[in-house]
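Please study the sequence and the structure before reading the solutions.

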Amino acid sequence: MSFRTMGIGHLLFCPRVSSRLATNLCGVALKSPVLAAAGTFGYGVELAGVVDMAALGGIVTKGLSREPMNGNPAPRLYETSAGMLNSIGLQNIGVRAFVRDKLPALQSSGTQIFANVFGYTVEDYVEVIRVLEDAGALAGYELNVSCPNTKHGGMFFSNDPELLAEVVGAARAAVRSKRPLIVKLSPNVTKIEPLAQAAVDSGADALSLVNTFVGLAIDPHTRTTRIGNGFGGLSGPAIKPIALRLVYEAAKAVKVPIIGLGGIATGIDAAEFMIAGASAVQVGTANFWDPQSPLRVARELDDFLARENVARACDLVGTLKFPGK
Ligand SMILES: Cc1cc2nc3c(=O)[nH]c(=O)nc-3n(C[C@H](O)[C@H](O)[C@H](O)COP(=O)(O)O)c2cc1C
């Protein structure tokens, strides 16, 4: 089924919270292992009237930077086969406005809130965390390291183990609270293992992967790019098999929990990520056609566990078998 043609009949259901789904991620109790992914659920507050926030496993906020950012020129989104290209440019109101204007309402939402943090220098990341450390209500941090380091000729933090270790180590030192530090890895690398290892060695409590794949869409009539800024990040069902492979490889390489994402749209997708090695999952692009997707995915995962006689979602983690081996 095309992602464009999915109907809205599934919007009407009563979310359930099941004991099969309850889990713990780095000391944070989650009602379910299904969270809403960064940048696809706003700051969380916008959807409070639409989604039963208290039934979610958690939400990851839109990326937060030291100063407000206007983002990239339009068009910023383009639908592709079974996916979407985006180049939002990490538009956001800045960490101080988030703490002042968004966090108070989020605090009473009844879900676990993870702040997605990004920057263009190590100092940017440290400053965002410093501001958030003084604010209440957060369950943890997710570092988006898929940004160019402007002090190192624009080389991406996520693509070089040394740059990655530097930013993760500095972020680790900036976290004075017990909040876990999750590092979100980029899939745009040849081998994920050295990057997963560098992040863990420098203080990551968990890893999330994947962020979007760099892609290009072209209008052949005008011979221009479909995205104003040129390239975009590919997400949605199209990337799921590659994301699954990367989650599997990262889970084999390190001993910390992995949060898997990339094209999850159903409970079966979520189960596959957990079997590949993910302890929790996030739902991103699916929120654009149905903001209730994380709740539906959790309900479908629960149904799958019941059908398969699996007592707890965490019993699926890392159970992949290779029949040919
Ligand atoms: C419109 C849009 C905005 C995003 N913004 C962020 C962001 O601010 N920080 C981040 O770490 N990831 C961001 N992402 C990446 C998603 O969180 C997720 O890693 C990616 O889309 C793959 O998951 P999916 O296929 O379920 O969407 C964004 C993705 C989309 C589509």
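**Exercise 1: The ligand site**

Solution. The model is predicted: local features need pLDDT of at least 70 and side-chain atom pairs pLDDT 80 or more, while totals for chains, interfaces and linings use all residues. Residues are numbered from 1 along each chain as its sequence is written, and side-chain values use heavy atoms, without hydrogens and water.

Next, consider the backbone. A polar backbone atom of V210 lies 2.9 Å from a ligand oxygen atom, and a backbone N or O atom of G236 lies 2.8 Å from an oxygen atom of the ligand.

Finally, 24 residues surround the ligand (a heavy atom within 4 Å), and the closest are A38, K184, G236, G263 and T285.

**Exercise 2: Two helices**

Task: Describe how helix α5 and helix α6 are arranged.

Solution. Helices here are DSSP runs (H or I) of at least four residues. The axes, lines fitted to C-alpha atoms over the stretch in contact, of α5 (residues 240-253) and α6 (residues 267-276) come within 8 Å and cross at roughly 30 degrees. Therefore α5 is roughly parallel to α6, a term for angles under 35 degrees. Residues in contact (heavy atoms within 4.5 Å) include L244 and V247 of α5 and F273 of α6.

Note on methods: Axes fitted to C-alpha atoms, helices over the stretch in contact; angles between N-to-C directions. Parallel < 35°, antiparallel > 145°, perpendicular 65-115°, else oblique. Polar contact = N/O pair within 3.5 Å; in protein donor to acceptor, adjacent residues only side chain to side chain.
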